[in-house]
Amino acid sequence: MDKKQPNKITLGTLILMIFSSIFGFSNSLTAYYQMGYASIIWYVIAAILFFLPSALIFAEYGASFKGVKGGIFSWLEESANEKVAFVGTFIWLAAWVVWLVSSTQFFLVALSTLISGKDMTQTWHLGFLSSTQLLGVLEVAFMVIVTFFAAKGIDKITAVDKVGGAFAIIIALGFMLASLVVFAFSHGHFAEPVTAMNFTKSPNPAFQTPVAVLSFIVYALFAYGGLETSAGVIDSVDKPEKTFPKAMMGAMALMTGLYVINILMCGISTNWTAILGAKNVNIANMEYVLVNNLGIVMGHSMGLSQSTTLALGTIFSRLAGLADVLSGISAAFLMVYSPIKSFIEGCDARLLPKKLVKLNKHNMPERAMWAQAALISVIILFISFGGNAAGQFYTILMDMMNVSSTVPYLFLIGVFPFFKMKKDIDRPFVFIKGKGKVWAVTIIVWLVVAMGIIFTCVEPMLSGDYMTSFWTAIGPVAFGVIAYVYYTYREHHDAKLA
């Protein structure tokens, strides 16, 4: 009997890894804050027209290229060519680097909420360091610690992701349970009325125009974004041709269901206009406002005293902070490794410095990971110590990331018909057959992503915010041009040496 290879990722573990790196409990709450019940329609549309077919497309890629170590770089290269793979994967990698910059800040906000019951990061200081500067130093420390342990091997990453994924499910289910308790004690009453109008129109003044509503597609796509990052660990998966497609389907069904249910649960305790319409509520703190309000409403509905009710709200906020802390850690562990690993292992050795692509004894691209950590740290410290100009730079980075994180899907989905045309590929899992059906599915999914990107770029312009529109659109273009110019330079350099 063949002995099972050590440290292989099983089906359950892979589902938890995918779930913890993609599912965000706060995504449901963000959707409710931005669009109310009307967000459900767009999340379901995104799931049907993007998440379901793209998950199946990625599952077919993953099953067919189960032996490759280059993740989506190898998917693109095998389906199209090396230049397309290099440019598409570089845009994808750049977006995740920027995401890591922002995620460290959100991690500390969650940590503060866990400790204090609310965000107190702006009051933190140490010696001559202001709160912003201290946060920058702590963010760098967090990135260094994550990179250090992630570089010790895939087993360290899977161990962290198991905990993060399990707790993400627990907190989402806990939110549902608490909401149902409120629902029962309030005799089936919804704080936000369940009407046909509320399911089709957002209560948020910022999402009233057709363009603004259609731009919400990108938010919905981002809630499902990161599915392709699991490709970076496929060579460590047990029986990948069977396990990978099953994990994709399992994670997809679980996430979609929880998103929709949790959006609906928000309305049980929170009236949008009364609670989220307040001036002091914004996209950064709305999660804790919602969860704190759930605890308070639950206490009132159960007849608890005012002090106990307020304490319950604080406890709920801290639990939400704990969920975000754990999911932030697990997502960071996977993201410092998987994107950079896919990029450098997919690239031909001639395209990158030899020292950068060297693997350590744990079979991890440690030097590349540390180079990435250094770049992220420089950006964080510049933003933290650079004053107003640096703050503007951070805003620009965030605008650039908004669509840069979704543009690579245009590459991955766009090359699918060409992948299907390949005759010399073993396909243990087949999503769809027939040239016409393949092209139809590809065009529909591609257009959904493209429309979301276009409307996201155009929407700020309609309100006179031309700079945000410019930086949002220029992000993927700039990253793509950098990759194209570098690859073209290497082509000419190699041609001269030949």
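**Figure 1. Salt-bridge network of Glu60, Lys420 and Arg427.** In this predicted model, salt bridges join Glu60, Lys420 and Arg427 into a network. A search of the whole structure returns 5 salt bridges. Side chains of opposite charge can pair when their charged atoms come close.

**Figure 2. Salt bridge between Arg350 and Glu82.** The N to O distance is 2.6 Å. This pair connects distant parts of the chain, 268 residues apart. Arg350 sits in the loop between helix 13 (338-346) and helix 14 (354-357). Glu82 belongs to helix 5 (residues 82-116). Glu82 is buried, because its relative accessible area is 13% and the limit for buried is under 20%. Arg350 has 30% relative accessibility and counts as partly exposed.

**Figure 3. Salt bridge between Arg350 and Asp348.** Here the Arg350 side chain meets that of Asp348. The N to O distance is 3.5 Å. Asp348 is partly exposed, with a relative accessible area of 35%. Arg350 also forms a salt bridge with Glu82.

**Figure 4. Salt bridge between Lys83 and Glu491.** The closest N and O atoms of Lys83 and Glu491 lie 3.4 Å apart. Lys83 is in helix 5, and Glu491 is in helix 20 (residues 466-497). The two residues are 408 residues apart, so the pair links distant parts of the chain. Lys83 is partly exposed at 25% relative accessibility. Glu491 is partly exposed too, with a relative accessible area of 33%.

Key. Residues numbered from 1 in each chain as written. Predicted model: local features only at pLDDT ≥ 70, side-chain atom pairs only at ≥ 80, totals over all residues. Heavy atoms only, no water. Salt bridge = Lys/Arg side-chain N within 4 Å of Asp/Glu carboxyl O. Helix = DSSP H or I, 4+ residues; strand = E, 2+ residues; numbered from the N terminus. Buried < 20%, exposed > 50% of the residue type's maximum accessible area, 1.4 Å probe, protein only.
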